[in-house]
Amino acid sequence: MEKAVLEKYRKAGRIAAEVRQEIEKKIRPGLKLLDLAGMIESLTEQKGGKPAFPVNISLNEIAAHYTPSAADTRVIEPGDLVKIDIGTHVDGYIGDLAFTYCSEKSPLIDCAWKVLENAVKIIKPGVSVAEISEVIENTVKGEGLGLIVNLTGHTLDKYVFHGSPSIPNVKNESEHVFKEGDVIALEPFITETNGFVKESGVTEIYRYLMDRPVRLTEARKILALARDEYHQLPFAKRWLYKKISPVKVSLALRQLEAVGALETYPVLKEAENKKIAQAEHTIIVAEKPIVTTRLVE
Ligand code: CO
């Protein structure tokens, strides 16, 4: 990896880690999810980064892809498992970090961090997807807990936030081997017993897929923003209200979705409403792996 590229990955990771540190001081029951999202996204920009995706703030049985809408009134309640997944980028080089806040002590959260710690220990050039997945699953089993079996870690690349291969959190046969300089994000989702997520009907997050002809001026404007301003990375519907007349946004998004110009990210929810904790770090593969999203590095 070029030195300049490494520096950008490090900077993106450090920004995410610093945002986490500041948010951990402020987060508490009673805080509105929308205000929390605003704080996280503006801290990211103040520190010289850009959001690589809208911050995901997923409560309890919601695993991922929940970002507050502009009208969201929900607040954090005591005991809520609040998963905060932050993506930052510097010129397209991404830091992907998640942590879970709870006003009470939670074995699920402790387990999620322990899994990451154990997995990071085996990261080096030549490690396979299957080896990483095995450590993740074994650690969780050792704690007597379960995993969301259909969510995975992933690789990262310039302006690519979910590259392949994906890195399952459960044992598999993948012989894919990582090499020096590969960038991976590991993100176990911990539950009391194994579970899986399903799509719910709600979507607030979108991503550019391809140029398609659309009639509405606002739809064309959104597509240009999605392609050029957000660099084909995911964006939130609420971000558009700063630039496009709010009354037109929903209609324009529906038009773009219908013609296949945008990808949607429906909220993912545990099928039996099991509560979930999550932790995530971004790691650059090396003899001594670099955890970009950890402040001590
Ligand atoms: Co991720």
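At what angle do helix H1 and helix H2 pack, and how far apart are their axes? In this predicted model, where local features need pLDDT of at least 70, side-chain atom pairs count only at pLDDT 80 or more, and totals for chains, interfaces and linings use all residues, helix H1 (residues 3-26) and helix H2 (residues 33-46) pack at an angle of about 145°, with their axes 10 Å apart. Residues are numbered from 1 along each chain as its sequence is written, and side-chain values use heavy atoms, with hydrogens and water left out. Helices (H or I, at least four residues) and strands (E, at least two) are DSSP runs numbered from the N terminus, while axes are lines fitted to C-alpha atoms, for helices over the stretch in contact, with angles from 0 to 180 degrees between N-to-C directions.

The contact (heavy atoms within 4.5 Å) is made by Ile15, Val19, Glu22, Ile23 and Lys26 of H1 together with Leu36, Met39, Ile40, Leu43 and Thr44 of H2.

Elsewhere, four strands form an open sheet in the order E2-E12-E10-E11, with antiparallel pairing, where two strands pair if DSSP finds at least two bridges between them. Strand E2 (62-64) and strand E11 (235-236) are the edge strands, each pairing on one side only. Strand E10 (residues 197-208) pairs with E11 over two bridges, and the bridge partner of Ile205 in E11 is Ala236. Helix H5 (residues 217-229) packs on the sheet, touching E10, E11 and strand E12 (262-270), and its direction makes about 90° with that of E10. Helix H7 (residues 246-258) lies across E10, E11 and E12, running at about 100° to E12.
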